[in-house]
Every structure is written in structure tokens, then in C-alpha cells.
Amino acid sequence: MSKRIDVKDLNVYYGNFLAVEDVSINIEAKSVTAFIGPSGCGKSTFLRTLNRMHEVLPGARVEGEVLLDGDNLYGPGVDPVTVRSQIGMVFQRPNPFPTMSIRDNVLAGVKLNNQKMSKGEADALVERSLQGANLWNEVKDRLEKPGSGLSGGQQQRLCIARAIAVEPQVILMDEPCSALDPISTLAVEDLINELKDQYTVVIVTHNMQQAARVSDKTAFFNIAGTGKPGKLIEFAETSTIFNNPSQKATEDYVSGRFG
Amino acid sequence: MTTTSLTSSRGAGRAGDKVFSGATLAAGCLILAVLFGVALFLVIQAIPALTAPAADIQGGKGFFAYIWPIVVGTLIAAVIALVIATPIAIGVALFISHYAPRRLASGLGYVVDLLAAIPSVIYGAWGAAFLAKEIAPAYDWLAANMGWLPIFHGPASATGKTILTAGIVLSVMVLPIITSLSREIFLQTPKLHEEAALALGATRWEMIKMAVLPFARPGIISAVMLGLGRALGETMAVALVLSSGALTASLIQSGNQTIAAEIALNFPEASGLKVSTLIAAGLVLFVITLAVNMVARWIISRHKEFSGAN
């Protein structure tokens, strides 16, 4: 249940402003791919185009193709709602629904598909998803309590549980640990390592150590200057990017000389 | 070398602090004093009516017999207004906040706010002179086809000046209040939660059901309660539109009366015990409004844990 993503010549615009230029990248199924780069280089914007979440912003549009196992996400007649149910997303700040209990948060996405689900099936899914997110033992006695009562790290894992409950093909993570403390970060990183057995994971991070720890391949994005579009500079095995990059800009960035 | 002592203080800054905190305290106390003063006035002035022998009260059967039909009439008019206005207001607010293109949304929001700026006497005149006449045939139809329902029992009023017409006029009056408050709340829904819903594969309507409406629920209740307060207390429009009379179940016959209109219509010529009776009616209206607000607060607080405020 995981698919690969192939991006061909993708340009992303906000209105007339070209935000990300000419990205082509092949993301393997059942792997963790990290996007790194300085702030404003378009890596989050690009990540959002992988499940059409950029369309939430007024004026955002793309040119090019994003293929999910060969099917173009931007093909005619493709519904962004369907795309997003196949490609889940975890955000920078944990965002469980405050008005829902922990249990309802996990089931939120599943209920959208109007599946008639017996209580037993729902309970099993809640347990499976929370276990998948390494959260079950911490919350199993308070499933009916609000999700907003959990710690930040627990909330983020609840969001991951909510994302995997709908059994997506791909999980996108937009700086999932930047609002978390080191212990919670470790818990989420461990989880990412386990998730790649079943899912294709793409993660944007500002933390280069994190990229080095969790990812199989790393893509480095950079921007030539303010007002210029972000570009994909280099995409390779994570060990290559960090130890033996082919581009000067990548080497400068990973060795901390700028950014 | 000079040292600044911890005990010396900048005189001016501290004084400003004290003045400001004193001013806010005074403002807070003033509100309580006004509320208490009004309540005290109502109770003292109402006592003669509440203690007078039954035969002396208008109608000759005591204060309770006098007040309960107009309490019921007030509630009927207010409920009609809310039943009509709430769904429309929420729909309009959602359209403005989440569906309409930005330019249309700001224009529409402005027009809705304009509705609130129209004086109630104008609404009353419009209701009495235009709406009542135009809507009378509809009442005839209701009486003929749905007359088996007690609320549409015929014969319908030929003038159209009924409690239903009054309720419809009231609904137009409370619409802008509920709409603009709901719109503000809808716009405050955290983007984070909207995106969470969309990222799960929710359609726009599902996102609204999942993120916007639950978040806005306490706000919608407050907005409806404010609208209810206006509908309960509205005087002029009802006084002009309604051809009042005894309490009747049928909404399309003339009859019924609201407390506020009853007071307004009778107060100028009242004297003695009659004044006291009307003020007692005002006290009852005050108590109803207070009770409505307390119930609303209770409903909101019941779900505090899930409100997202924590």
C-alpha cells in the first residue's frame, strides 16, 4: 500500500510569481525522502503540491506533472479531494481537532468516506492506528478525552495516527518536529523509521541532523535571492548529500557555511 | 558612582498605572450599579401590581392571568424570528466567509451590516404597510391547505397583521446580528484545523462540518442569543405590525401580544396601578432575557473541555 511519486518539470506559481522552478524528482515507494534547504526556498510549497494542498492558498497554481504510480495528480478530471485521501499530510504545528475526542480525531478521515463502520471495526482501527503512531499505550485509557489535552509530541503523533487511519499511499510531513521538544522529536523520528515499512514518506525539515537520521534520500533546495524562484539543486542518497555532495551550494549548506 | 535604589520608583509611571486601573475598576462597577439600579427600580415599582387584589388588575383576574398570555406571545414571536433567521444567517455567514469570492464577500458583508442600521420603526412601517398586505394570500393558502395544524387554523387574517408577520419582520431585524457575529467567528477558525480537514480528503462542506462549525458552535449560540434578546425586546416593529388581541394558537389570525409592545402601546395613557402592572410586565421580560442568557452560557460551558480554548 504505498506508491512512488514522479515529478516532471514542475513550476509552482503564486499568481504571477514563480515560487518554485522546474523541479523533477523521483521518490521511491517505501522510503523516506527529506527536503532540506534555507527558509523561503520553496521546499514546503513544493511539498504541498504533492497532494494539491497548495490550492488552499488563493492564486497558487502549478505547471507540470506529478505522477502517483503513473497517474497524473493534475490530470483532467482529477479531484483534489481524492488526491488528498491518497496522500496524507502532517503539519508543522500539531493540529488535532480541538472539538473532538482522541478517538474521534483518529476516525475523522475515515468517517468522511461515509463508510458504515461497526463499533468493533472502529475500535480496532483506532487501536491499530494509534499503535502505528506509537501512541496507544499513552492514551488507551482516555480515548474519550479531547485531543487538545495531550502534550505537543503526543498531539503530533495523534495527527500521524489520524493520517494513517485512512491508509494513504504516501505521507507528507511539513517540518513535523519543529514545534516539539527533543524527546518528542525522537519519538516522532522513531515513528518515521517504522512508517517507511508501509508508506512512502516525504519530510520537509530545517534540521539537517534530522534529515541525516531519518531519510534514505535527501533533496537540497536553494534560492538564488529574494524574489527569485526556489530550485532543486541536488537529489541523492542521504549519505552522499552529507558526505560527498556534487554541488558546491549543497556542500556549503550541509557544512553550515550558510543558511 | 550613582546607584539606583530598588525602592525609588518613577513617580509618573506609577501614577498613570493607578489612574488607569482605577478608571477600569470604576467602569466595571458602573455596569454592575446600572444593572442593579434597573433591577431595583423594576422590583420596587412592580410590587404594587404584584400585591394588589386580583380584581384591580387589568382583566380582573390578577397579575398572573394578565401576564402569561403576553409572555407566551413574546416567546412565540421570538421563536418564529429565530427559526427563520438562524439557518439563513448561518448560511449567509458561511457563504461570506468560505464560499464567496473575496470582492463579493466584502460587499455582501457591508450590505448585511447595513440591514442592522435601519431603524426598527422603518421595519415596522414596512411590515405593516407592505409585507402584511402581500403575505395575506399566503395565509389564506395555509389556512385552506394546512389548516388541520393548530398553528395554521383559519380563517386567516384579511389584513395579514398577525404574529407570524411580526415574527417574519423580527427575523429580518435579527438576521444581521446573527450573520455578522457568525461570520466573524467563522473567519477566526484556525487555518491549521481547516487544513487538517482538507488534508484528510474532506470536501469544502465536510471541512466546514469538521473544523469550522464545531469551532464556531459557542459563537453561534452567543450570536443567536443576542438575536433572541433583540427579538424579545423589540417594541416598535411589533407594535406597528401586530393587530394584537387575546392569545390564540393560530399564527395566521390576528391576536396575541408581546410584552414590549404591550408596554409601549399602553404606557402613555396609564396611571396608578396600571403603570405598576406594566412595569411588572417589564420585570418579567427582564427575567426572561436573563434566564435565556444564563441558559446560553450554561450550554457553552458544558463543552468547554472541547472548545479548543485550552
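Two residues count as in contact if their C-beta atoms, placed from the backbone, lie within 7 Å. Keep that handy for the exercises below, and remember that this is a predicted model.

**Exercise 1.** Work out which side of helix α7 (residues 182-195) of chain A is buried, and what the buried residues pack against.

*Solution.* Start with the helix itself: α7(A) has 14 residues and reaches 20 Å from its first C-alpha to its last, close to the 20 Å expected at 1.5 Å a residue. Next, pick out the buried residues, which are Val188(A), Leu191(A), Ile192(A) and Leu195(A). They cover an arc of only 105° around the axis, so they sit on the same side of α7(A). Finally, apply the contact rule: the buried residues pack against β3 (32-36), α6, β7 (170-174), β8 (200-204) and α8 (208-214) of chain A.

**Exercise 2.** Explain why helix α3 (residues 102-112) of chain A is largely enclosed, and find what covers its buried residues.

*Solution.* Count first: 10 of the 11 residues are buried, so the rest of the structure largely encloses α3(A). Among them are Ile102(A), Arg103(A) and Asp104(A). Then look at the cover, which includes α4 (119-132), α5 (136-139) and α6 (152-165) of chain A, plus α7 (204-233) of chain B.

**Exercise 3.** Describe the side of chain A that touches chain B.

*Solution.* Begin with the tally: 22 residues of chain A contact 20 of chain B. On the chain A side, α2 (80-86), β6 (87-90) and α3 each supply at least two residues. By type, that side splits into 11 nonpolar, eight polar and three charged residues.

Conventions. Residues are numbered from 1 along each chain as its sequence is written. Chains are lettered from A and ligands numbered from 1 in the order in which they are written. This is a predicted model: local features need pLDDT of at least 70, side-chain atom pairs count only at pLDDT 80 or more; totals for chains, interfaces and linings use all residues. A residue is buried if 20 or more other C-beta atoms lie within 10 Å of its own, exposed if 12 or fewer, and partly exposed in between; C-beta atoms are placed from the backbone. Helices (H or I, at least four residues) and strands (E, at least two) are DSSP runs, numbered from the N terminus. Ala, Val, Leu, Ile, Met, Phe, Trp, Tyr, Cys and Pro count as nonpolar, Asp, Glu, Lys and Arg as charged, and the others, Gly among them, as polar. The expected span of a helix is 1.5 Å times one less than its number of residues. The arc is that of the directions from the helix axis to the C-beta atoms.
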